[in-house]
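This report describes selected local features of one protein chain. The structure is shown first, and the description follows.

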Amino acid sequence: MKRFYVCVVLALASWVAFAQNCFDLVIVGGNPGGLMAAIAAARLGKTSLILERTSHIGGLPVNGLGATDIATRQATTGLFSEFTDRVKRYYIERYGSSSRQVRDCSDGFHFEPSVAATVYKEMLNEHSDKIKVLLSRQFDVEDKNIVIKDGRIESIRVLNRKTGKMETYRGNMFIDATYEGDLGAAAGIPFRVGRESKEEFGEPGAGRTYEYWKSLPADGSTGQGDNAVQAYNYRLCLTNDPENRFPFPKPDSYNREEYVSLVEDVWTGRNTQRAMQKVTDEMMEENRRYIAQGNKSKLPGDNWGIRKLSSLVTLPNGKADGNNQHAAFISTDLPEENWPWPTSSWEWRDKFAERLKEYTLGLFWFAQNDSTLPKHFREAVAQWGLAKDEYVDNNYFPRQVYVREGRRFEGVYFFTAKDALPVSPGKRPPLHANSVTASHYALDSHAARKRETGRVHLDGFISYPTAVYTVPLGVMLSREIDNLLLPVPVSGSHIGFSTLRMEPCWMALGQAAGVVASMAIDGGTTVRDVDVSLLQDILVGQKATVIYYEDVRPEDNGFAMVQYLGLRGYLPEWKAELDKPVDERSLREWSERCGFQLNGTVGRTARRDVLMQIYQGLHK
């Protein structure tokens, strides 16, 4: 009975807070990073308000990014794994475990936009007593829209886009989960936009860079820094299913001249792949004659049909995630024109979003209809269209621009390429003892400039492999504001940010931000002063991975121990090998590191048992 009354009191307190527009956490941005922050905080008993500018929550995964960008799937877990598990379960329950849909969902890492929306809503609805979502709420970077006192944000004002009225919301903690970093900018946090020079941090691909795709810098690469922002596009949900295919419409602002360079690219097979280094003019002219005979391009690295314009990753139900074609000089990215986006008003951003939409539709209409292109090429492109069961309220087109990079803040820790690159071949990148997630993706940036005469590629389009790395808490902490977290517009260089900017990492950082905010409230501290060891314990308890091992999963016995000791240097290799007998060197080194005598017999006692002694001795 007592527990019942306690629950009633807590529920009433949450209701009163909702009614008074005062919350434990106020989160600006309803993308996955913001959603996971709210869910993590709710599971620790905290209330959150999510303010989303659009009429839909979910960010890019709900707007076409259905092919999850992650190199090592087990590197990032926690709420992200819960999301992918639920996606897979959705397809199993709806279509059966042996269905094509389940195979195509790739263990939940590939999904339709509408399914991502369903899963996110399901996760939020489980905490409806703690999480309130308000749509069509726009935060503008103006001094009058934020109140800061003694280093803390007290309240913010947002525009209700439906009523046209301003609304004020108060919170104990604030989270910037915008792709642009609008809240952090309003709070006065120093930020960067553009590209650092190669000289500043010595990063591969930094500054002005031209290269064949996934190759070495080519002529024209200077490494000079500038204000260029990598290109944005729309992630399209495409299909070649005639029953579900909506033809690309000709946009009202169609300008044929924007696309004519594609004609020669198709006829000659010119592309940006490394194989082009061995292609001669004679080979391209031979390819032209070959295509004129009714054949597809035979040039190395060249694509045909829709894949000349867009990369495709299979999604369930006959759909595909259509992204920019990396091997093309002209595709769905629109470089240069997006440069003002990070610091511009929403009025400007909305105009660019419409411009990008018209450009994208025009590109596909051109490829399907322009008579200067080979007929069989046009026919191949015409097999594809927009999936007409997605975005039915927006003419089957995504509602949100893929903002790959906005403001990058200068926080407590500034993440660069060195944090993601192995310290030596086969080894880990530098280990961050205050890690809040492991992550893994290439150093990956899209073009910053349009096609230039004589260049082998588009300036800024790079990809360099990394190894699974740890992400320090400091990337989302500011030095200036005590109750602000920045899990999406994190602190880092252009190249460093280029690997952190993937949705799995943002979801993991959002989860960590929700826990940090909750801890700061409970402890009466700033977000910079939370107990990092306790933070990591909570995250690991939520099955988050803070340091990756190839042979230990969150559900395994010993996971918490390995996470704890791994961050303290006891297990520097990629495998923990818990069931392997301890060797003399490990026993000696571990004893010296922990400072007390360990019981174990070389060659007989399992490493697991020796490590457990250390864990029990150190983990209080």
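## Sheet and strand pairing

Two strands are said to pair if DSSP finds at least two bridges between them; strands (E, at least two residues) and helices (H or I, at least four) are DSSP runs, numbered from the N terminus. In this predicted model, an open sheet is formed by five strands in the order β10-β13-β9-β12-β11, with antiparallel pairing. Its edge strands are β10 (245-246) and β11 (310-315), each of which pairs on one side only. Two bridges link β10 to strand β13 (residues 385-387) in the antiparallel sense, and R245 stands opposite A387 in β13.

A further antiparallel pair consists of strand β15 (residues 435-439) and β18, joined by four bridges. Within this pair, S435 has P472 in β18 as its bridge partner. Strand β18 (residues 469-472) is covered on both faces: Y469 and V471 are buried on one side, T470 and P472 on the other. Here buried means under 20% relative accessible area, exposed means over 50%, and partly exposed lies in between (1.4 Å probe, protein chains only). In a regular strand the side chains alternate between the two faces of the sheet.

## Basis and confidence of the model

Residues are numbered from 1 along each chain as its sequence is written. The model is predicted, so local features need pLDDT of at least 70 and side-chain atom pairs count only at pLDDT 80 or more, while totals for chains, interfaces and linings use all residues; side-chain values use heavy atoms, with hydrogens and water left out.

The predictor's confidence in each residue, pLDDT, runs from 0 to 100. Its mean over the chain is 95, and 97% of the residues reach 70 or more. Where pLDDT is low, the predicted coordinates should not be read in detail.

## Helix α9

Helix α9 (residues 281-292) has 12 residues and should span 16 Å at 1.5 Å a residue, the expected span being 1.5 Å times one less than the number of residues. The end C-alpha atoms of α9 are 17 Å apart, which agrees. Which residues of α9 are buried? They are M284, N287 and I291. These residues cover an arc of only 55 degrees around the axis, so they lie on the same side of α9; the arc is that of the directions from the helix axis to the C-beta atoms.

The cover over the buried residues of α9 includes α8 (261-268) and α11 (375-381). The face turned away from the buried side carries E282 and A292, which are exposed. Just after α9, G294 takes a positive phi of about 100 degrees.

## Loop residues

S106 is placed in the loop between α4 (100-104) and α5 (113-125). K543 lies in the loop between α14 (532-541) and α15 (559-566) and, at 48% relative accessibility, counts as partly exposed.

V193 is in the loop between β8 (191-192) and α7 (198-201). With 31% relative accessibility, V193 is also classed as partly exposed. Not counting residues up to four places away in sequence, V193 touches D226, N227, V229, P342, T343, G406, R407 and R408. The C-alpha atoms of V193 and P342 are separated by 7.4 Å, although these residues are 149 residues apart along the chain.

Conventions
Contact means heavy atoms within 4.5 Å.
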